[in-house]
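Reader: I have a two-chain model open and would like to go through its architecture with you. Could we begin with the contacts?

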Amino acid sequence: MDVLTDNFSLYGKGFLGTVELTVYSSALALVLGFVMASFRVAPVGSFRVFGTVWVTVLRNTPLTLLFFAVMLGLPRFGLVLPFELFAVLALGCYTSAFICEVLRSGINTVPRGQGEAARSLGMTFSQTLSTVVLPQAFRTVIPPVGSTLIALAKNSAIAGAFSVTELLGTYKPLSELGYDIVWTFVWIAVGYLIITLTISALFHLMEKRWGVAR
Amino acid sequence: MAVVDPLIELRGVNKHYGALHVLRSVDLTVGRGEVVVVIGPSGSGKSTLCRAMNRLESVESGEILVDGRPLPEEGKALARLRAEVGMVFQSFNLFAHRTVLANVSLAQVKVRRRRKEEADRRSRELLDRVGLAAHADKYPAQLSGGQQQRVAIARALAMDPKALLFDEPTSALDPEMINEVLEVMQQLAREGMTMVVVTHEMGFARSAAHRVVFMADGKIVEDRTPEEFFTAPRSERARDFLSKILKH
């Protein structure tokens with residue numbers, strides 16, 4: 001117990017770091033995932049190819065490798081950003097591939113006729129997608145999007161290895177100070193639980209509010 | 001048949017689904033104000049023909065002209081043209097997440113750029129016309145099939161289209177609901193709407209159609225007035241088809 005009360009500010013900083021990484025990366029992943037899902041169902045072939053390549057590359061690259069690529073690769077091309085921003089970029093892009101596929105499976109649950117009816121009324125592709133297809137797809141993808149964001153929250157631990165302040169990384173100074181390693185990790189685990197259970201609760205509420213009535 | 005004022009023209013239209021040749025160099029002209037009923041055995045290509053007219057199905061060769069202009073490729077130009085050619089589907093396809101009123105108003109606002117109040121006013125007029133004014137605030141799933149199809153007709157009419165395409169509009173309905181939909185269609189026909197109707201309702205074909213087009217195996221086999229077609233079909237294929245469906 002001492003380990004938490006003695007080092008509350010250290011834990012607090014780490015906790016906030018993970019929350020920040022999670023929130024910003026989630027926002028980036030949702031936006032990019034939405035764009036890529038639109039690309040993958042677009043009537044224009046080159047958009048579909050771009051979306052497919054994006055998903056294939058990012059989903060099949062180990063996240064740690066992706067962190068290395070972003071942190072060490074991008075500065076070589078003259079792009080130097082704070083580590084936190086690089087971490088958000090890597091996490092967000094990686095997770096966007098999964099969000100994209102979740103959204104696409106949601107789009108596929110909407111009967112074909114819905115889109116055809118919208119198009120037959122003269123709506124453009126983007127109007128059809130945004131006013132008819134996605135609002136109906138959205139209801140079915142709430143649970144899997146929640147799972148993907150929970151995975152993102154836990155994946156953010158990798159950023160600690162790249163000198164970004166986050167929750168898991170707090171174990172290093174604490175173990176150097178000689179605290180019991182088991183209790184150090186117990187409190188770190190509790191921190192992650194708070195974040196992931198909050199995401200669960202949020203998506204549970206959304207599902208109740210907007211989910212498909214069966 | 002010679003048509004005075006053509007609105008929809010198909011010239012040498014071909015389409016394959018894999019090895020299946022669903023449309024075999026089809027020529028068809030639909031005049032302004034004309035009601036053309038397309039009948040034929042299932043798999044004869046009549047639905048595909050209907051859907052090709054607003055490019056929900058693309059075709060491989062041949063020309064399709066609407067009001068003198070060739071159908072554009074995908075994109076904004078095609079969307080604009082589709083707004084001029086309404087479509088009513090076999091499975092209604094009302095937007096499940098929107099109320100009846102919103103279903104009829106949505107495209108008016110998005111495509112015709114009408115103000116919301118103006119669109120809603122027009123929607124209520126049209127719903128009244130199809131006898132569903134009282135159901136404006138319900139969701140599609142709360143309506144019967146016949147009611148849903150009448151909403152779908154109102155939704156198509158809300159765009160003030162030049163022509164309406166009906167793809168088997170009564171095939172998914174219970175027998176007692178077929179008439180309420182056909183009555184709305186009869187009324188439209190009387191008012192001079194240009195209509196292409198794919199259907200199995202021979203009674204509607206006899207009473208409302210100016211021309212009956214009989215299709216088999218991707219080809220138009222006969223294209224004549226209903227009286228001529230039903231009393232003296234020329235082709236063996238049409239005689240055979242009629243003997244099968246008119247027996248009962």
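Author: One term comes up at once: two residues are in contact if their C-beta atoms, placed from the backbone, lie within 7 Å. Please note also that this is a predicted model.

Reader: With that cut-off, what percentage of the contacts in chain B with a separation of 6 or more comes from residues 24 or more positions apart?

Author: In chain B, 66% of those contacts join residues 24 or more positions apart. For chain A, the corresponding share is 77%.

Reader: What are the spans of chain A along its principal axes?

Author: The C-alpha trace of chain A spans about 70 × 45 × 20 Å. For chain B, the box filled by the C-alpha atoms is roughly 55 × 45 × 35 Å.

Reader: How does the radius of gyration of chain B stand against that of a compact globule?

Author: The two agree, because a compact globule with 248 residues would have a radius of gyration near 18 Å and chain B has 18 Å.

Reader: Let us turn to the sheets. What is the strand order in the sheet of six strands?

Author: The order in chain B is β6-β7-β8-β3-β9-β10, an open sheet with mixed pairing. Its edge strands are β6 (85-88) and β10 of chain B, each of which pairs on one side only. On average, neighbouring strands in this sheet are turned by 15° against each other, direction ignored.

Reader: Where does β9(B) stand, buried or exposed?

Author: Six of the six residues of strand β9 (residues 211-216) of chain B are buried, so this strand is largely enclosed by the rest of the structure.

Reader: Which residues of β9(B) point one way, and which the other way?

Author: Arg211(B), Val213(B) and Met215(B) point one way, while Val212(B), Phe214(B) and Ala216(B) point the other way. In a regular strand, side chains alternate between the two faces of the sheet.

Reader: In which sense does β9(B) pair with β3 of chain B, parallel or antiparallel?

Author: Strand β3 (residues 35-39) of chain B pairs with β9(B) in the parallel sense, over four bridges. Within that pairing, Ile39(B) is opposite Phe214(B). With strand β10 (residues 219-224) of chain B, β9(B) pairs in the antiparallel sense over five bridges, and Val213(B) is opposite Asp223(B).

Reader: What about the hairpin of β9(B) and β10(B)?

Author: Two residues lie between the strands, and Asp217(B) takes a positive phi near 50°.

Reader: How many bridges join β7 and β8 of chain B?

Author: Five bridges join strand β7 (residues 163-167) to strand β8 (residues 194-198) of chain B, and the two run parallel. Ala163(B) is opposite Thr194(B) there.

Reader: And the sheet of four strands: what is its order?

Author: This open sheet of chain B has the order β2-β1-β4-β5, with antiparallel pairing. β2 (20-31) and β5 (69-70) of chain B are the edge strands. Inside it, strand β1 (residues 6-17) and strand β4 (residues 61-66) of chain B are joined by five bridges, with Leu10(B) opposite Ile64(B).

Reader: Changing topic, which residues have the most contacts inside the largest nonpolar core?

Author: That core has 124 residues, and those with the most contacts inside it include Ala90(A), Val37(B), Val38(B), Ala154(B) and Leu165(B). Helix α5 (residues 83-109) of chain A gives the most to this core, with 15 residues. Apart from this core lies another of eight residues, among them Val3(A) and Tyr11(A).

Reader: What does Ala154(B) touch?

Author: Leaving out residues up to four places away in sequence, Ala154(B) touches Val104(B), Leu126(B), Leu127(B) and Val130(B).

Reader: Finally, how many residues does each chain give to the contact between them?

Author: Chain B gives 20 residues and chain A gives 16 residues. On the side of chain B, α2 (76-84) and α3 (100-110) are the elements that give two or more residues. Of these, α2(B) gives the most, with five residues. By class, this side of chain B has 11 nonpolar, four polar and five charged residues.

Methods. Residues numbered from 1 in each chain as written. Chains lettered and ligands numbered in written order. Predicted model: local features only at pLDDT ≥ 70, side-chain atom pairs only at ≥ 80, totals over all residues. Buried ≥ 20, exposed ≤ 12 C-beta atoms within 10 Å, placed from the backbone. Pairing = 2+ DSSP bridges. Nonpolar A, V, L, I, M, F, W, Y, C, P; charged D, E, K, R; others polar. Rg over C-alpha atoms; globule rule 2.2 N^0.38 Å. Axes fitted to C-alpha atoms, helices over the stretch in contact; angles between N-to-C directions. Core = buried A, V, L, I, M, F, W, Y, C linked by C-beta atoms within 7 Å.
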